[in-house]
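Dear colleague,

My notes on a few places in it follow below.

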Amino acid sequence: MAHVTFKGGVYPHKRKRFTREKTLEEYLPKGDLVYPLLQHIGGMAVPVVEPGERVLEGQLIARASGDISAPVHASVSGIVRSIEPRLTVSGKMIPSIVVENDGAYEKYPAEEIGPWKELEPGERLRRIRDAGVVGMGGAGFPTHVKLAVRNPKRIRYVIVNGTECEPYMTGDYRRMVEEPEHLVEGLEIVLGFFERAVGILALEDNKRDAITALQLAVREEPRMEVRVFETKYPQGAERMLIYSVSGMEIDSTQLPADAGCIVLNVETVCAIRQALVEGRPLIQRAVTVTGKALKNPRNLLVRLGTSFAELPEAAGGFAREPRKFVCGGPMRGTALPDLDVPVVKTSAGLLCMSKDYLFKPSACIRCGSCAEVCPIHLLPARLAELASQDKEEEFRHMHGMECLGCGSCSYVCPARRALAPAIQGMRKSLLAQGKR
């Protein structure tokens with residue numbers, strides 16, 4: 001079995017044993033559903049419903065506002081209670097549609113669809129767009145835009161990112177083990193846009209059951225193969241994965257298509273299949289609810305809009321007092337000051353920690369550990385220093401804009417310095433200036 005990787009990275013404890021063998025189980029929400037109008041990169045969705053109106057499961061409630069945008073659909077049936085700003089995982093107040101769940105789960109009539117292979121590529125893209133499919137493993141870039149490259153013949157690889165290198169998270173793993181045929185069919189749909197491309201199902205070597213399941217699923221597929229990489233963080237970062245598969249390096253000014261690659265998350269590929277085979281929009285996703293504070297960590301299929309506050313109870317309640325909540329994993333996840341925020345399209349998990357690891361930073365000892373593990377070969381200690389001094393030009397000159405924000409530098413720092421947050425803070429500030 002081949003082991004391919006990149007230079008740098010770290011080896012954090014995976015902590016996947018809590019949920020690795022827990023099958024995906026559907027969770028039905030108990031309270032109101034909150035649908036932020038911005039769950040993706042690009043323009044905010046525009047409401048097409050009004051307070052007092054009854055909506056059905058799968059019904060369009062907010063349309064895309066432009067080419068780079070994505071619609072939002074109701075994940076339950078009920079009454080639109082209000083359209084108002086609500087707190088989201090990002091910490092921002094985002095205009096949201098609030099739906100009172102009536103518990104009936106009455107479905108909106110699905111569009112009549114025939115075999116997807118009989119559809120023109122443009123019609124396939126339209127259905128992916130209308131289903132609200134976005135990147136569900138990262139920033140939420142609208143998938144129909146990613147697939148609409150100018151020159152499809154230049155694409156050599158369509159990479160399905162099944163590495164799931166973030167500790168604790170196992171939702172993608174369970175999808176690959178339980179529904180390998182769905183993933184393969186979704187990849188077949190995507191390959192239909194790129195006649196010269198090969199489909200690569202990319203996994204780390206610690207996912208043996210998923211590797212076996214997918215190898216069996218692609219044995220009759222001449223344009224697909226399973227590739228296995230070393231288990232290392234951040235193997236699943238888009239730029240790292242492209243390098244491991246193709247040997248090509250790209251920087252922050254380039255797109256994966258510039259390297260002849262399209263990279264899609266496991267959940268995203270399954271959502272593409274659902275849109276074209278079943279005619280259903282994106283209204284739920286796999287969420288890993290885990291951590292030592294819980295009695296029974298689980299992998300759940302959660303309706304979008306469900307409050308995170310409901311999920312600990314679905315995982316058996318708390319075994320001990322939780323000290324910290326994180327949306328996602330411990331390396332790149334977002335700390336939640338309040339659980340009363342909705343699950344959105346990019347919400348991969350909820351980590352309930354029994355300890356809050358707070359360290360007092362000390363002076364940098366110039367050990368160079370951060371530079372050794374940086375997958376982009378930057379000098380994190382120097383960049384963090386420049387960020388703290390607001391030296392923008394020097395920060396740019398030292399290639400600070402290339403930082404992935406993976407947190408590997410902070411993880412290994414013996415002085416316990418928050419290097420990655422400092423660098424990302426400066427990077428985001430400079431990006432915001434560019435937008436203005």
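Not counting residues up to four places away in sequence, H73 touches Y35, G58, Q59, L60, I61, D130, A131, G132, P281 and I283, where a contact means heavy atoms within 4.5 Å. Please bear in mind that this is a predicted model, in which local features need pLDDT of at least 70 and side-chain atom pairs count only at pLDDT 80 or more, while totals for chains, interfaces and linings use all residues. Residues are numbered from 1 along each chain as its sequence is written, and side-chain values use heavy atoms, with hydrogens and water left out.

H73 is buried, its relative accessible area being 7%; here buried means under 20% relative accessible area, exposed over 50%, and partly exposed in between, with a 1.4 Å probe and protein chains only. A polar atom of the H73 side chain lies 3.1 Å from the backbone oxygen of D130, and D130 is also among the residues that H73 touches.

As for its place in the fold, H73 belongs to strand β6, which covers residues 72–73 (helices, H or I of at least four residues, and strands, E of at least two, are DSSP runs numbered from the N terminus). Strand β6 is part of an open sheet of three strands in the order β3-β5-β6, with antiparallel pairing, and two strands are said to pair if DSSP finds at least two bridges between them. The edge strands of this sheet are β3 (46–47) and β6, each of which pairs on one side only. Between β6 and strand β5 (residues 60–63) the antiparallel pairing runs over two bridges, and A62 stands opposite V72 in β6.

Two alanines may also be worth a look. A335, in strand β16 (residues 334–335), is partly exposed at 43% relative accessibility. Leaving aside neighbours within four places in sequence, A335 is in contact with K324, F325 and V326; of these, F325 is ten residues from A335 in sequence, and the two are 5.8 Å apart in space, C-alpha to C-alpha.

A371 sits in helix α9, which spans residues 369–373, and counts as partly exposed, with a relative accessible area of 28%. Beyond its neighbours within four places in sequence, A371 is in contact with L378, L379 and P380, while A381, ten residues away in sequence, is 7.8 Å from A371 in space, C-alpha to C-alpha.

How values were computed. Polar contact = N/O pair within 3.5 Å; in protein donor to acceptor, adjacent residues only side chain to side chain.
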